[in-house]
Amino acid sequence: INVSATIPGGTTTYNRTFAIKRRIATSFDVILSLDVEQAIYDVTLTRTTEDFSTTSQNVGDTEWEALQSVINDGFSYPYLSRAAVRQFPDEVSSGRAEYDFLVEGCIVKVFSDTTTYTEQFSRNPAWILYDFLTSKYRGLGNYIAESDLVIQDFLDWGTFCDQQVVDPKTTNLVPRFECDIVVDESFSAIDAIKQICIAGRANFVKRGSKWGVVIEDALAGEPKQLFQMTRISRDTFTLQKTSRRKIANYLIGQFPNAELDYEIDPLPKEDETLLEGSDTIERTINLTGVTRVDQAERLLNYFSKANRLSRRTIEFETDAEAIISEPGDVIRVSHDVTQVGVSGKIRAFQDSVVTLDREVTQQIGFRYELTVYFPDGPSVEVLRVQFVQGTSDRVTLITTPTSTIVSGFHYSFGPIENST
């Protein structure tokens, strides 16, 4: 079949011959597509082979059934992935055919500094979340502007995720964290944010009037504030401790494994401290945005340790000075209820000798430290003290403070790693 398309009064802009070969006992349809610029055309179809109808069993009649015009204006399905399959009856042996499509993702903004970016494909969770938050077509851009985000947080997170680590199975270097996720109508906005953050081991947080992210590895940073008896409002301190018997010690990560054609694969992780014969408490973790086994294993290792070690929850009220603390900041806490350290205010400091507002006791077999809160930083310093057996309201520092200690600064005193 020869197909030609001519603009009236002009020249032929499209001319192509299609060879149609099919041996079948019934009539069949063939769709021929013309890719031309938008205009008005005279379309002609010409059969170029002779009629081979010699008997009633050999019929080669050709009929033109319809002409359908499709105008491609570039906005058929804006910013959404669509797929179509045309399948003939003789191409399936029985039953209904099902198709799966691998979606490679979107072109997103990838920042090199707080003002410079390139638009490119990325699997980095930081830039996937940034795009989801700011895109008006596939995210929350009608509610969140780019100026509402702390770009530096996303830069730090993006660098953290891009760092190369060794895949134990292949010994190849791979990015620490990637995110492969299809966000559709089955996701709520908060679920999508949560799954992207889990894939990159971070938390989405409010920073004043803006939104940012906190990398969970950064939670082990230097303490920003010290809260002790003199800074905690009376009768507001509560401490809850979860028994190890109630903490999950057997995690199961559900993730679409790329090695299994993205089938959901349950990956188990047992607490390394679980004794043989102990009862197991299972907990399932949804890792929808993770498709690599090595990444799922590293996340489960982290969650298992965090689950085992994060057993205490403390709540208290304090003064307005605490407003400078943000989600993700490390703080130190000392209180009589916890029986960890003794606290108060420093009375004087001279020649490495600190005078406290109460007497403290040092016992044989322990080494002691003084934790001091510097409000101008704000910062917290943990200082080693000289061991002197007995009880006194004075201690001598072995560690030199980086800033000057002033009368009235808050402190906490106790054995090393147990003063707060």
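The legends below describe close-up views of a predicted model.

**View 1. Helices α1 and α2 in contact.**
Helix α1 spans residues 125-134 and helix α2 residues 151-162. Their axes come within 7 Å and cross at roughly 145°. From α1, the contact is made by P125, A126, W127, L129, Y130 and L133. From α2, I151, F154, L155, W157, G158 and C161 take part. By class, this contact has eleven nonpolar residues, one polar residue and no charged residues.

**View 2. Helix α2 and its cover.**
The twelve residues of α2 should span 16 Å at 1.5 Å a residue. The end C-alpha atoms of α2 are 16 Å apart, which agrees. Buried residues of α2 are I151, D153, F154, L155, W157, G158, F160 and C161. What covers them includes the helices α1 and α3 (189-199). Strands β4, β7 (173-175), β8 (202-207) and β9 (210-215) are also among the covering elements.

**View 3. An open sheet of three strands.**
The strand order is β2-β1-β3, and the pairing is antiparallel. The edge strands are β2 (12-17) and β3, each pairing on one side only. From one strand to the next, the twist averages 10°. Strand β1 (residues 2-6) pairs with β2 over five bridges. A5 stands opposite Y14 in β2.

**View 4. L102 in its loop.**
L102 sits in the loop between β3 (42-46) and β4 (107-111). Its relative accessible area is 57%, so L102 is exposed, the cut-off being over 50%. L102 and D261 are 159 residues apart along the chain. Their C-alpha atoms are separated by 9.5 Å.

**View 5. The salt bridge of K169 with E259.**
The closest N and O atoms of this pair are 3.1 Å apart. K169 lies in the loop between β6 (164-166) and β7, and E259 in the loop between β12 (250-257) and β13 (263-270), so the pair ties together parts that are 90 residues apart in sequence. K169 and E259 are exposed.

**View 6. The salt bridge of R308 with D271.**
Here the closest N and O atoms are 3.0 Å apart. R308 lies in helix α4 (residues 293-309) and D271 in the loop between β13 and β14 (282-286), so the pair ties together parts that are 37 residues apart in sequence. R308 counts as buried at 14% relative accessibility. D271 counts as buried at 5%.

**View 7. A salt-bridge network.**
The side chains of R292 and D294 meet in a salt bridge, 2.8 Å from N to O. R292 and D294 are buried. Salt bridges that share partners join E178, R292, D294 and R298 into one network. A search of the whole structure finds eleven salt bridges.

How values were computed
Residues are numbered from 1 along each chain as its sequence is written. This is a predicted model: local features need pLDDT of at least 70, side-chain atom pairs count only at pLDDT 80 or more; totals for chains, interfaces and linings use all residues. Side-chain values use heavy atoms; hydrogens and water are left out. Axes are lines fitted to C-alpha atoms, for helices over the stretch in contact, and angles run from 0 to 180 degrees between N-to-C directions. Helices (H or I, at least four residues) and strands (E, at least two) are DSSP runs, numbered from the N terminus. Contact means heavy atoms within 4.5 Å. Ala, Val, Leu, Ile, Met, Phe, Trp, Tyr, Cys and Pro count as nonpolar, Asp, Glu, Lys and Arg as charged, and the others, Gly among them, as polar. Buried means under 20% relative accessible area, exposed over 50%, partly exposed in between (1.4 Å probe, protein chains only). The expected span of a helix is 1.5 Å times one less than its number of residues. Two strands pair if DSSP finds at least two bridges between them. A salt bridge is a side-chain nitrogen of Lys or Arg within 4 Å of a carboxyl oxygen of Asp or Glu.
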